Each structure stands twice: as structure tokens, then as C-alpha cells.
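Have a look at the picture, then read on.

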Amino acid sequence: MSTITLAIHGGAGTILREHMTPALEAAYQQALQRALDKGYAVLEKQGTALDAVEIAVKDLEDEPLFNAGKGSVFTFNGEHEMDAAIMDGSNGMAGAVAGVRGIRNPVELARAVMQHTEHVFLAGTGAEELAKTLGIPEAAPDYFFTEQRNAQWKLAQESGQTALDHNIQLKDKKFGTVGAVACDHAGNVAAATSTGGMTNKRWGRIGDSPIIGSGTYASNHTCAISCTGHGELFIRAIAAYDVSCLMEYKGMTLEEAMRMVVMHKLVKIGGEGGMIGVDAAGNAALLFNSEGMYRGVRSSNGISEVAIYK
């Protein structure tokens, strides 16, 4: 049996202790711990890595502190357009959705694309039509409304910014994405990522989160990766798959490959953010080149922690 491991993230960026109240910090830590525990409970019962990452990400989507699902930011038009992806490292199957509205848990719809269609990636109204066909839970616009996100949107509109940050002052960058990676008892790995995108985004903008190989990737031969950061740069870097390539073709360990991508390749092109990863032996790494990353990891070798800052 492999070491069972689950790692999660809730976004990276300029996350500083001095900008965080004790109550808000505690709320983030509790939310991370809850998602970590829910996903890990699946692995403890010898469930699959795929189930574990979906459960963990759904819990993060349901938490308004994070920019995914219920906590998604507002678009330029005052709506919520969400993206998500999931990938099974045991067989290379993947599913993704982009620009969907009114879907309570976009990661669930991404998995439905993988399991109930011949496709990998569906967008907008077509993806929403599939959700209706399969009875995937939807929600009215007011479900996604939060006062904090509304205030951020108004500030972004006043300034004319398309904001990568997720902080109400818009001065501190917070890349709002959630994700999970897991290795189960059979040595199978999986990854899932979900996001509400950028505050005040226009023209159907899509970041790296739902793009297989950029923001999400999984292969039993190498690793499972979920990214969070400036999506345009992670797309150009094909960041998640690049970690896998370095492991497969260069013989690097998971941490060596992630460090090469996060601390060198992305930094050279101005790509701020981070990623979480596991390999089929249950090793985990959580790396970021920003000031902080909401994150957590738990495994059967005794590791169990959540963290925010460097």
C-alpha cells in the first residue's frame, strides 16, 4: 500500500500577517482544516484519489472565503463565471468546464464531463446544459453573492482594473483559486482545481485552472499538480505538465521539478503564485513564489498541517 496523502490550496499571493485579523486568520485555518479532513477521510476509508480531490474542492467551493463556487468574484457585468478541472492519474482521463454560471459546484460538473461525455472541455451554456441534463445542483445568483466580493467589484469598476487580487483593498494580490491533489492506497493520483477567476474580468476570460496541463494535471507515472497564480503566465508556461515532464524526462523528484517551475521558470516570466503536488509514492510538496499561499497537507506518515504565510 502507498502512503496516502492529500494536499490542498486556497490561493496564493500577497498574503501578509499584518493584513490579517486574528479572527479572519482563524476562519481561514478552520476552513482549510475542514476541507483537508473531509478529503483525507475518503482516503482513510480506502477511497480513490479522484473522490478525495473532488470532495475537498467541493468543500472549498462551498466556503465563501475562497474565490470558487459560493465565494466567486464578480465579472465586469456583475455576474459569476466559474472554471474547474479534474484529472485521474490512473488512466489519464480529464474533465473541465469554463465560464459556467449558476453551478453550485463546478468541480462536480467537470467530473461529469469526464465521466458522462466523450469530451474533455466544455464551456458556457453548453456545459450548463449538460448540468441540467444530469441533474447537477444549480443555484440562483444570490447564492454566489457576498458583501466582500461585491465591494471588491465596485472598487475594481471605479478604478477600471481587472483585478487579479482577491483582497478587498485591491492593493494586495491574492490569486483566488482552490485545488487539491491526492495519492490513494493503490498509488493512484488525482488533481482538481476550481476558481471564480478575476474580479471585473471581461470578454469571457479564462485562466489556467481548467486547462489540462497548465493549471491541473495528473499521471501515476509522475505526479498530480494543482496551480494557483497569474493564470496567463501559468498558461504560457504549461506549468503543471512541465513538472511532470521534468520528472519523466529529467529524472527529477517531485520537489525538484516543482521548484524548477515555481522558483525559476515562472519567476523569469513574471509568473507569481504557486502549486501543490503529490507523486505515486505519496510524497507531497507545496511551493509558492509569492508572500503566502493558503494550504494544507495530511498523510499517513504523520504529516498534518495547514498554513498561510511563508
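1. Let's start with Y294, which is buried, with a relative accessible area of 4%. Bear in mind that this is a predicted model. F66 is buried too: its relative accessible area is 0%.

2. How many aromatic pairs does the structure hold? It holds five. F66 and Y294 form one that is edge-to-face, with 6.2 Å from centre to centre and 75° between the planes.

3. Why does that pair tie together parts that are 228 residues apart in sequence? Because F66 lies in the loop between α2 (49-61) and β2 (82-88), while Y294 sits in strand β12 (residues 292-299).

4. Next, have a look at Y143 and F144. They form an edge-to-face aromatic pair, with 5.0 Å between the centres and 90° between the planes. Are these two buried or exposed? Y143 is buried, with a relative accessible area of 15%, and F144 is buried at 1%. The Y143 value counts as buried because the cut-off is under 20%.

5. Y143 has another contact to check: K70 lies over the face of its ring, at 4.3 Å from the ring centre.

6. Which ring does the charged end of R202 sit over? That would be the ring of F76, and the distance to its centre is 4.0 Å.

Notes: Residues numbered from 1 in each chain as written. Predicted model: local features only at pLDDT ≥ 70, side-chain atom pairs only at ≥ 80, totals over all residues. Heavy atoms only, no water. Phe/Tyr/Trp six-rings, centres within 6.5 Å; stacked < 30°, edge-to-face > 60°. Helix = DSSP H or I, 4+ residues; strand = E, 2+ residues; numbered from the N terminus. Buried < 20%, exposed > 50% of the residue type's maximum accessible area, 1.4 Å probe, protein only. Lys NZ or Arg CZ within 6 Å of the ring centre and 35° of its normal.
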